[in-house]
Amino acid sequence: MAVTKPLFNLMQLLLITLLLSSTVKAAVLEDDKVEVMYHSYEGGGMKIDGPAVLIRKKASESFAVSAFYYADTISSASVDVMSTASPYEEERDELNLGFEYLNNKTQMTLSLRQSEENDYLAQSVSFNVSHDTFGDLTTVQLGISYGDDEVKRNGDDNFIAQTQSYRVRTGISQILTSNLIASFELEAIASNGFLNNPYRAVRFIDEESESGVGYQPEVYPDTRNSLAGKLSLRYFLPWRAAVMISYRGFKDSWDIQASDYEILFRQPIFTDWEFELKTRRYEQTQAEFYQDLYPYRNAQNYLARDKELSEFTDTTVGASLTYIVPKAYQPFDWPAEMSVQWDRIDFDYHNFRDLQQQAPIGEEPLYQFSADVIRVFASIYF
């Protein structure tokens, strides 16, 4: 919790500032809307897909309620699973309820979330505040979240574990010129409890085994603190186009450091269409206790072979196309739009090896794979 304490003090100071700030003109809540989405991820032996529905409705000019439901199916025969277990398939249901309250230029949001699988239950509550000030040129945001998860293991009725997480975030957005907006966000997370996957195992050299290698369950620390900061610049170009550049840095108590760069370009085309291109690069170092192959059983206090804790990079290229329904075709004169988004992600692991390939122990080829992400939206505003 030491990482989040200074930010929590900052959050208290900013909240007092927001409550004492004088306001001249009230802000406005977003329009009511219904949005339907289909999401698909496929790559690396995993497939995740399912629909989602979002409904948002204002009860008054200062209060709104939203509900989000997402159901997906997860099937996996990934390199992690195939090395020590069998392919599996499961379903996940997620429900999110949101409440928004607007007081002059201060907007407060309370969110309640629950996500449930047959062996995992995640529940969280979030509170966020945003405030426009300095002639609406500056927006200050801050928030706090608490999550409480229950972890089970299929086939083992005696296994049950808990995970708690605390998040504190703050941010500021500033209009610098008529064409340029800058924003900065900071988030601290403190987690404790059972932080690893109950099905995952590490491998070690075992000369007494016929295969020459043995397996044992992962062992993680029971605490993890992280701090991330993101700087974004949005510049509006002629012909109604815009470009956004962002950088995000991350560091945690497991000695993982990460950098994330993204460039996005958006351009309206014709009268009713909007086209978007983006590219993203992510780089990460490994956790201090991660190894692809340990020299012997119980080689150290903490053991991990999760590829997401290894040293790796991934590169994303993506495109989206949005169609804004002309007024003549809008149902009940409600504005509507449809959008299709596609991302291609290439993963390159630097010290995680592909055990599905035949090779001497410790000399297997490094693991690489690509994934396609497709999202289809339909939105109606009323």
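Author: Begin with one term: buried means under 20% relative accessible area, exposed means over 50%, and partly exposed lies in between (1.4 Å probe, protein chains only). By that rule Arg305 is buried, with a relative accessible area of 4%.

Reader: What kind of model is this?

Author: This is a predicted model, where local features need pLDDT of at least 70, side-chain atom pairs count only at pLDDT 80 or more, and totals for chains, interfaces and linings use all residues. Residues are numbered from 1 along each chain as its sequence is written, and side-chain values use heavy atoms, leaving out hydrogens and water.

Reader: How many salt bridges does the structure hold?

Author: Side chains of opposite charge can pair when their charged atoms come close. A salt bridge here is a side-chain nitrogen of Lys or Arg within 4 Å of a carboxyl oxygen of Asp or Glu. The structure holds 26 of them.

Reader: Which residue meets Arg305 in a salt bridge?

Author: Asp292 does, at 3.0 Å, N to O. Both residues lie in the loop between β15 (273-284) and β16 (312-324), so the pair ties together parts that are 13 residues apart in sequence. Strands such as these are DSSP runs (E, at least two residues), helices are runs of H or I (at least four), and both are numbered from the N terminus. Asp292 is buried too, at 9% relative accessibility.

Reader: Which parts of the chain does the pair Asp32 and Lys57 link?

Author: Their side chains meet at 3.4 Å, N to O. Asp32 sits in the loop between α1 (5-20) and β1 (33-43), and Lys57 in strand β2, 25 residues apart. Asp32 is buried at 6%, whereas Lys57 is partly exposed at 43%.

Reader: How do I read a pocket?

Author: Rolling a probe the size of a water molecule over the atoms shows where empty space is left. A pocket is an open set of points on a 1 Å grid over the protein atoms alone, with protein on both sides within 12 Å along at least five of seven lines; a 1.4 Å probe defines a cavity, where it fits but cannot get out, and lining residues have an atom within 4 Å of a point. A volume is the space filled by probe spheres set on the points, which are joined across faces, edges and corners.

Reader: What is the volume of the second largest pocket?

Author: About 380 Å³. Of its 17 lining residues, the closest to the centre are Glu30, Glu100, Gln107, Thr109 and Ser130. Strand β6 gives the most to this lining, with 4 residues.
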